[in-house]
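Trainee: I would like to go through this model term by term. Could you tell me what each word is based on?

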Amino acid sequence: MKKGKMKKAIALGLCAVMTAAMLTGCKGSGNTAATGNGNSSDKGGTSEAKSVTLKVVDWESDEMNAAIQDAFNNVFTKEHPNIKVEIVKGSYSDYGQQLAGMITAGEAPDVFQGGYDMAASFYQKNLLTDWTDKVAAEPDFTKSLYEGTMSGWQLDGKTYGFPSLVNVYGVFYNKDLLAAAGIKEPTADWTWDDLWAMAEKLKKPSEEKFGLYGLDTSGFGIANISTSYGGAPLMDKLMGTTKVTVDDKFMEQAAKIQGMIADGTLPKRTYEVTNQNSMFEAGEMALLYYGQWEVDSLLKNCPDLNWGYAPTPQGPDGRTTTYDTVGWMSPKNLAHPEETWELIKFMSSDLYQTVLKATPVAPCAHSASASVFYDVMKEKGHPEVAEAVQVMMETKTKNGVRYAADWSSDAGKVWDPTYNDILDGVSKEPVTKLQDVANQINAIIAGN
């Protein structure tokens, strides 16, 4: 489930071998002789109870896929005996590009996994089934999801996908190292000032040890802090962004982060992060800002590590969390839209009632099923994880973790070099320079 902040979540992909298998396995299954609006062109559908096999592609682990397939076989198909479901496992090389080509060729799976940014891009390219009418006919379905989690799956009044698992970002802490430093463990109502004070006390520049690792110091991460201090969001809208804003609150927090990088409290923007998780798991790190999916690894691999988890801190104006959902979408021109609709509802809700018991990597957008994740955390002896994640799931103010637009790479080319050099102290430009860069990004947006 590791999407969100992770690099490989940005570079989604299907391997070539799997693509060849899908070209054979999916043909005639999920994308032939149908309209693109969710209405079957033949008169089959569920009413005639035809036996159909639907294909699903995701990037999950073998362990999670086994749990998902079990849920298909023993829950979904028992409720829909005419529908069988098969998983075709994905990977992370050229995923989006290959799926786009397969949709165009009419060879895509019936349901596939993706991030909200990928979904928006595919929708704007007219590659996805529009589920708007189905959602309108069954409003209770989307009402069962956590508030705000549908935001990344709707644009221009259309619904083209559904959230499944949700990444939240908090702070893992080593209880023994905090106790040795005379620092109290964080609580669910802690503040950014509390975190900065802890990190300041924990840093050891002479040993090249930082006080806090993993903090999202990108522009999106700074916006999470600045909005909790009353600042404007970096993006005016999560979907269909028309403007980015770097206001005084943003620059104030950027300058604060710049200072903490300079004094060794935080790593530089260019810091190599590949070993930070293993450092935490080895008991060498006191504070790690990271996504909740690390919980699964800690529970499996670190039975003797004395650790805890706290939510993203809050500011004077409350808490802001990162919007980062993955979910399910379907290609246009489905051969079996009615059956696929039943499947996609299941995959965005009851699927996780059993899956999260086997692989508790994340809460899901479906509020009733998310409780399974909380219950498992409590059973595993980490009620603070359940509390922290639930607090973040229920936080109303959310900022995107990335741009959901095809102009995002152009924006990054403009923003990243200047931004990184300013925060790392390489450039002598003041943080106010970021307002000029924001204006350049707005020009890019206007030109698209």
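**Cavities, rings and strands**

Mentor: Start with helix α10 (residues 219-227), which gives three residues to the lining of the second largest cavity, the largest share. Helices (H or I, at least four residues) and strands (E, at least two) are DSSP runs numbered from the N terminus. The model is predicted: local features need pLDDT of at least 70, side-chain atom pairs count only at pLDDT 80 or more, and totals for chains, interfaces and linings use all residues. Residues are numbered from 1 along each chain as its sequence is written, and side-chain values use heavy atoms, without hydrogens and water.

Trainee: What makes a space a cavity and not a pocket?

Mentor: On a 1 Å grid over the protein atoms alone, a cavity is a set of points where a 1.4 Å probe fits but cannot get out, while a pocket is an open set with protein on both sides within 12 Å along at least five of seven lines. A lining residue has an atom within 4 Å of a point.

Trainee: What classes do the residues lining the second largest cavity fall into?

Mentor: Four are nonpolar, three polar and one charged. Ala, Val, Leu, Ile, Met, Phe, Trp, Tyr, Cys and Pro count as nonpolar, Asp, Glu, Lys and Arg as charged, and the others, Gly among them, as polar.

Trainee: Which residues lie nearest the centre of the largest cavity?

Mentor: Of its 13 lining residues, T149, V166, T322, M393 and K398 lie nearest the centre. The largest cavity has a volume of about 80 Å³, and β10 gives the largest share of its lining, three residues.

Trainee: Where does the largest share of the lining of the second largest pocket come from?

Mentor: Strand β12 (residues 398-400) provides that share, three residues. The second largest pocket has 18 lining residues, and those nearest its centre include K398 and N399. Its volume is about 310 Å³.

Trainee: Why is the pair F172 and Y309 called tilted?

Mentor: Rings of Phe, Tyr and Trp (its six-membered ring) pair if their centres lie within 6.5 Å; planes under 30 degrees apart count as stacked, over 60 as edge-to-face and the rest as tilted. The structure has 25 aromatic pairs. For F172 and Y309 the centres are 4.2 Å apart and the planes stand at 35 degrees, so the pair is tilted. F172 lies in strand β7 (residues 169-174) and Y309 in strand β9 (residues 307-310), 137 residues apart.

Trainee: Why is the pair F250 and W415 called edge-to-face?

Mentor: Their centres are 6.3 Å apart and their planes are at 75 degrees, so this pair is edge-to-face.

Trainee: Why does W415 count as buried?

Mentor: Buried means under 20% relative accessible area, exposed over 50%, and partly exposed in between (1.4 Å probe, protein chains only). W415 has 8% relative accessibility, so W415 is buried. F250 has 0%, so F250 is buried too.

Trainee: What makes β3 and β11 a pair of strands?

Mentor: Two strands pair if DSSP finds at least two bridges between them. Four bridges join β3 (residues 111-115) to β11 (residues 325-329), and the two strands run antiparallel. G114 stands opposite G327 in β11. Both strands belong to an open, mixed sheet of five, in the order β2-β1-β3-β11-β6.

Notes
Points joined across faces, edges and corners; volume = space filled by probe spheres on them.
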